[in-house]
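I went through this complex entry by entry and wrote down what I looked up. The notes follow the order in which I worked.

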Amino acid sequence: MLVPVRLTVAELLRDRLGLTGTKVSCEMQVCGACTVLVDGDPVSSCATLACDLDGTGVLTVEGLARGRDLHPVQEAFMEANALQCGFCTPGFIMMAVALLDAHPDADRDDVREWMDGNLCRCTGYEPIETAVALAASRLAAATAADGQ
Amino acid sequence: MMKVDYHVDTIRGHVPPALLDRLLMTVLPELGLVRSAELGDVLAAVDYDHAPYAGGTELVPAMGLGLRRPVAIVDLKRVEALKGIEVDADAGTVTIGAAVTHRRLSDHGAVREHLPTLAAAASRVGNARVRSTGTVGGNLCFAEPRSDLGCVLVALGATAEVRSTRGARTLPIDELIVGAFETSLEPDEILTTVTVPFEPSGMSYWKLQSYERPTLGVALVVTEAQWQITVGAATERPARAAIAAGDTAGLDAFVDGLELSDDMTGPPAYKRSVLRAYLHRVLEAAR
């Protein structure tokens with residue numbers, strides 16, 4: 001795929017590929033709504049140029065579910081009521097996935113520190129922390145069960 | 001200006017491909033790219049209109065706002081010479097490539113061992129996304145005053161190696177950062193590496209922060225004889241003082257003499273009051 005140098009990852013995903021799960025808000029790398037994972041690392045797709053994706057693996061919120069089975073982090077957000085309008089949710093979920101992939105044992109303090117660059121203007125942060133902690137405990141339990 | 005969003009699929013096939021590109025909203029204007037794995041190639045390309053580019057955390061938003069309008073960006077990320085972290089045990093230094101990201105810096109074993117305060121500061125720069133892509137060189141060369149790394153590196157007495165096609169020169173970070181958003185780099189020069197002496201004992205860094213950038217940063221090296229103080233974020237550039245241990249009058253004179261910024265994080269009087277209280281608390285406890 002050829003892309004103009006000036007195209008951001010968010011523009012590539014939303015405007016060219018029709019993947020509108022990734023949201024754009026502040027365009028200053030402050031709010032986290034546009035978070036996607038590049039080789040597992042969270043980046044702000046609004047401030048990353050698509051030409052830099054050359055040779056990398058990109059994961060967006062659309063890539064989390066397996067068929068009709070949501071990712072454990074997505075399930076946990078629903079159960080913990082960790083969203084209202086939902087605009088910030090894909091960004092929070094991608095941040096949580098990046099955290100738990102790298103640090104499956106993350107505790108609530110780790111979650112709070114890792115997520116301090118994501119803004120939510122309606123739910124508040126407590127249910128979001130709860131959701132990520134819930135997902136972490138389930139992923140840990142699943143890993144333990146796999147190990148037996 | 002009205003912003004019209006077109007979905008590409010609704011107009012594809014109805015307009016010529018060249019026009020399609022124009023109809024699609026992009027945040028950035030037309031832009032060229034110079035990309036090479038060779039340092040010589042990027043040095044040959046860089047000038048005022050060909051901007052050094054690595055993480056893009058500052059440059060991309062600046063281009064989006066029209067504050068910076070380069071003809072092309074010169075990608076430094078593929079140059080291995082700019083991505084090393086090397087320890088020189090004999091010299092007692094760590095040399096860090098300008099294109100090393102904050103995350104790699106903070107996670108690196110040798111950096112954590114020899115420069116634990118710098119590693120800790122890097123682990124709290126911006127947010128987790130900024131740390132994925134943002135680089136040491138970008139942080140220093142953008143010279144945003146509200147920076148943690150500038151303050152810590154000045155306190156450590158770090159030096160910068162700067163290169164252009166005309167040659168290389170070495171200068172203290174203290175002289176690289178000239179003022180707010182201002183460095184002593186010529187338009188054709190890039191920062192290549194930062195060499196940092198191993199951290200002395202008695203070093204600490206503390207910051208006050210309630211938004212995405214620090215409001216006030218304080219790096220201290222406290223010995224029995226001396227208080228070395230570097231204040232950043234609230235000043236245009238890191239401000240240093242070496243005060244004899246116990247000289248609280250000297251300490252107050254330093255704090256009172258600082259020119260502190262007035263911005264949305266608070267007026268100078270507030271920052272001065274926090275700084276004074278912090279320094280007295282920490283330094284008096286150290287005696």
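**Confidence and conventions**

I began with the confidence of chain B, which averages a pLDDT of 93, with 92% of the residues at 70 or above; pLDDT is the predictor's confidence in each residue, from 0 to 100. Residues 1-6 of chain B fall below 50, and this stretch has 6 contacts in the model beyond near neighbours in sequence. I count two residues as in contact if their C-beta atoms, placed from the backbone, lie within 7 Å. For the complex, the predictor gives an ipTM of 0.94 and a pTM of 0.92.

This is a predicted model: I take local features only at a pLDDT of at least 70 and side-chain atom pairs only at 80 or more, while totals for chains, interfaces and linings use all residues. Residues are numbered from 1 along each chain as its sequence is written, and chains are lettered from A and ligands numbered from 1 in the order in which they are written.

**Chain A, overall**

I listed the secondary structure of chain A and got 5 helices and 3 strands. Helices (H or I, at least four residues) and strands (E, at least two) are DSSP runs, numbered from the N terminus. Read from the N terminus, the order in chain A is α-β-β-β-α-α-α-α. The radius of gyration of chain A is 15 Å, close to the 15 Å from the globule rule for 148 residues, so chain A is as compact as a globular protein of that length. That radius is taken over C-alpha atoms, and the rule is 2.2 Å times the number of residues to the power 0.38.

Along the principal axes, the C-alpha atoms of chain A fill a box of roughly 50 × 35 × 30 Å. I found 45% of the 148 residues of chain A buried. A residue is buried if 20 or more other C-beta atoms lie within 10 Å of its own, exposed if 12 or fewer, and partly exposed in between, with C-beta atoms placed from the backbone. Of the contacts in chain A with a separation of 6 or more, 64% come from residues 24 or more positions apart.

**Helix α5 of chain A**

I checked the span of α5(A), residues 125-147: its 23 residues reach 33 Å from first C-alpha to last, close to the 33 Å expected. The expected span is 1.5 Å times one less than the number of residues. Ile128(A), Ala131(A), Val132(A), Ala135(A) and Ala136(A) are buried in this helix. The buried residues of α5(A) pack against α2 (72-79), α3 (89-102) and α4 (108-114) of chain A.

**Contact between the chains**

I counted 27 residues from chain A and 26 residues from chain B in the contact. On the side of chain A that touches chain B, α1 (9-16) and β2 (41-44) are the elements giving two or more residues. β2(A) gives the most to that side, with 4 residues.

**Chain B, overall**

Chain B has 13 helices and 14 strands. Its C-alpha atoms fill a box of roughly 75 × 45 × 30 Å along the principal axes. Of its 287 residues, 40% are buried. Residues at least 24 apart make up 57% of the contacts in chain B between residues at least 6 apart in sequence.

**Strands β2 and β3 of chain B**

I looked at both faces of β2(B), residues 50-53: His50(B) and Pro52(B) are buried on one side, Ala51(B) and Tyr53(B) on the other. β2(B) pairs with β3(B), residues 72-75, in the parallel sense over 4 bridges; pairing requires at least two DSSP bridges between the strands. The bridge partner of His50(B) in β3(B) is Ala72(B).

**Single residues**

Cys141(B) lies in helix α9 (residues 136-142) of chain B. Cys141(B) is buried because 24 other C-beta atoms lie within 10 Å. Leaving out residues up to four places away in sequence, Cys141(B) touches Thr183(B), Leu185(B) and Leu191(B).

Asn81(A), in the loop between α2 and α3 of chain A, has a positive phi near 50° and is not glycine. Asn81(A) counts as exposed, with 12 C-beta neighbours inside 10 Å.

Phe181(B), in the loop between β8 (177-179) and β9 (182-183) of chain B, has a positive phi near 60°. Phe181(B) has 15 C-beta neighbours inside 10 Å, so I logged Phe181(B) as partly exposed.
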